[in-house]
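Reader: Before I use these labels, I would like to see how each was assigned. Please set the values against the cut-offs.

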Amino acid sequence: MPAAVSAAAASAMSKHATAAPSEPNSRAVADFIGEMNFFHATVRDISGQTATVNAGIPGILTLPADNLTQSIKTGDHILLAIRPEHIALAPQGVAGEIAASTFLGERSHFQVRLAGRSEPVAVSG
């Protein structure tokens, strides 16, 4: 089933991130505390309270600069972590195909295959 994926909110991590439940300091910790989508990204700009990153397949994303540790600067390569509930199916966005769906009562959970990405993107909504 064709679908489009839109990143509504994002959280960036690096090896320098502080350890907190919403900002894990490693990919293993992020996976342990809940499902997470990971994208390699490059920081394009940090201005005031926002940061702009090129996340490859999801495209150019703007996120709160507070999500980055102070040591991260423009041009740095980071691992961008986006929780499934911060990604939405949308009429426009990155084209994909729904590989699996699960109804969870008040919401549904989808696994969406995107061209150029080996693992599906988890979407919850």
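Reader: Why is E97 counted as partly exposed?

Author: The model is predicted, so local features need pLDDT of at least 70 and side-chain atom pairs count only at pLDDT 80 or more, while totals for chains, interfaces and linings use all residues. Residues are numbered from 1 along each chain as its sequence is written, and side-chain values use heavy atoms, with hydrogens and water left out. Buried means under 20% relative accessible area, exposed over 50%, and partly exposed in between (1.4 Å probe, protein chains only). E97 has 40% relative accessibility, so partly exposed is the label.

Reader: What makes R113 and E97 a salt bridge?

Author: The term requires a side-chain nitrogen of Lys or Arg within 4 Å of a carboxyl oxygen of Asp or Glu. For R113 and E97 the N to O value is 3.7 Å. The pair links distant parts of the chain, with R113 in strand β9 and E97 in strand β8 (residues 94-103), 16 residues apart. Strands here are DSSP runs of E with at least two residues, numbered from the N terminus. R113 is partly exposed because its relative accessibility is 45%.

Reader: How many salt bridges does a search of the whole structure find?

Author: Three. Among them is the one between D76 and K73, at 3.4 Å from N to O. K73 is called exposed because its relative accessible area is 52%.

Reader: What makes R117 and E119 a salt bridge, and which label does R117 get for accessibility?

Author: The closest N and O atoms of R117 and E119 are 3.3 Å apart. R117 has a relative accessible area of 16%, so R117 is buried. E119 has 34% and is therefore partly exposed. R117 also lies over the face of F39, at 4.3 Å from the ring centre; the term asks for NZ of Lys or CZ of Arg within 6 Å of the ring centre and within 35 degrees of the ring normal.

Reader: What is the mean pLDDT of the protein chain?

Author: It is 79, and 74% of the residues reach 70 or more; pLDDT is the predictor's confidence in each residue, from 0 to 100. Over residues 8-22, pLDDT stays under 50.

Terms used:
Contact = heavy atoms within 4.5 Å. Helix = DSSP H or I, 4+ residues; strand = E, 2+ residues; numbered from the N terminus.
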